[in-house]
Amino acid sequence: MLSPSLGRGGQFLLLAAVILAISLLLALQSLRVPRPRVAAYYGELQSAELVHAARLYWSNPALEMDRVLAALYEYNESLNLVLPPASYALGSSLHPGDSGYGYYRTEYNVSVVFHAYWEWELVGTYSKRIAGVETRLNNYSLYYYHSYSAPQWGSIVLYPGIWDPAGVADIRYLGEGRWYVGAPAGAPYPLEDEFGITIYVGG
Amino acid sequence: MRALEAFLIGVVFSLFAAYACASTLLAPPAAHRHAASRALAWLLLTSDSAPYLPGLASRVLEAVPDAAYLDFNGTRTQFANATADVTIRAVWLGCNGTLRPVEVVVGVKP
């Protein structure tokens, strides 16, 4: 009984109308063909641009972060990048020694973070003849990674390649960001990653 | 009573018409609509030097299989005989401590 104020014929008519409507909607739903489209979207690319700017700055802090960001925002208009206005905080640290760690960090106010971190530990020493001179090298176990955080992807970890611009250190990659580095003892020894960022081991 | 029946039937048909219009007129959400933009973002995240080395076109095509063309350094590389529906623009600021911005524009097939 739908309603006491409706006649039996009216109730059937109403029920029929409801069933017809539902049936037609279901049929329509099943006939719909997906039409995938590519559309302009603002998110990952904008955050990636900010990470890229931070990484470029740390590869050469003499560039100055304000200048790097100014260059990026110059293209914001012409390329219609739709970058959000962003401010930033910079941080870096180096704790030298037989074991130690260091990091470079740029944190934007739009929840985008660039973080390069490394830590090392002395695992042995050995001697090597460099330019005709017997030199003592420290063998370090090194762990090095980049972490890029953004609201769109959470956190991405990269393990960049490293090399010694001076060509003195012995470098061997173990995988997953872990390395063995034989570097001259006595002072923090500079190495460079594939993005041009200088890191130091030992000291 | 007839008026009530007519009213209720009218309500049912109004609801039907509204849902039908919504499902046919509104475009369905496309799950992969952001894929090309994400791919270019990944290229930017993993390589500072991509535009400064040979082989950018192949790297772009590898990252964005739906790419129709690449505009870079004033040259257009056409990947497919298709009209680009969307243009994705990115800027590489430089690499290895050198500020040298370049624009990379990728047209993506519909």
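Where is the place of B:Asn96 in chain B? B:Asn96 sits in the loop between strand 3 (86-95) and strand 4 (98-108) of chain B. Keep in mind as we go that this is a predicted model.

**Two residues with a positive phi**

A:Val82 is not a glycine either, yet its phi is positive at about 55°. You'll find A:Val82 in the loop between helix 3 and strand 1 (88-95) of chain A.

How open are these spots? Here they are, along with A:Pro84, which lies in the loop between helix 3 and strand 1 of chain A.

| Residue | Relative accessible area | Class |
|---|---|---|
| A:Val82 | 38% | partly exposed |
| B:Asn96 | 44% | partly exposed |
| A:Pro84 | 29% | partly exposed |

Why does A:Pro84 count as partly exposed? Because its relative accessible area is 29%, and that class runs between under 20% (buried) and over 50% (exposed).

**What A:Pro84 touches**

Leaving aside residues up to four places away in sequence, A:Pro84 touches A:Gln46, A:Tyr73 and A:Val110. Now look at A:Leu50: it is 34 residues away from A:Pro84 along the chain, and their C-alpha atoms are separated by 9.8 Å.

**Helix 2 meets helix 3**

A:Leu50 also turns up in a helix pair, as one of the residues of helix 2 of chain A that meet helix 3 of chain A. The axes of helix 2 (residues 44-59) and helix 3 (residues 65-78) of chain A come within 9 Å and cross at roughly 145°. That crossing is right-handed.

Which residues do the meeting? From helix 2 of chain A come A:Glu49, A:Leu50, A:Ala53, A:Ala54, A:Leu56 and A:Tyr57, and from helix 3 of chain A come A:Met65, A:Val68, A:Leu69, A:Leu72 and A:Tyr73. Sort the residues of this contact by type and you get 10 nonpolar, no polar and one charged.

**A sheet of three strands**

Elsewhere in chain A, three strands form an open sheet in the order 6-9-10, with antiparallel pairing. Which strands are at the edges? They are strand 6 (162-163) and strand 10 (198-201) of chain A, each pairing on one side only. As background, strands of a sheet pair through backbone hydrogen bonds, either parallel or antiparallel.

Zoom in on one pairing: strand 6 and strand 9 (residues 189-193) of chain A run in the antiparallel sense and are joined over two bridges. To spot a bridge yourself, find A:Trp163, whose bridge partner in strand 9 of chain A is A:Glu192.

Terms used
Residues numbered from 1 in each chain as written. Chains lettered and ligands numbered in written order. Predicted model: local features only at pLDDT ≥ 70, side-chain atom pairs only at ≥ 80, totals over all residues. Heavy atoms only, no water. Axes fitted to C-alpha atoms, helices over the stretch in contact; angles between N-to-C directions. Helix = DSSP H or I, 4+ residues; strand = E, 2+ residues; numbered from the N terminus. Left-handed = near helix turned anticlockwise from the far one by under 90°. Contact = heavy atoms within 4.5 Å. Nonpolar A, V, L, I, M, F, W, Y, C, P; charged D, E, K, R; others polar. Buried < 20%, exposed > 50% of the residue type's maximum accessible area, 1.4 Å probe, protein only. Pairing = 2+ DSSP bridges.
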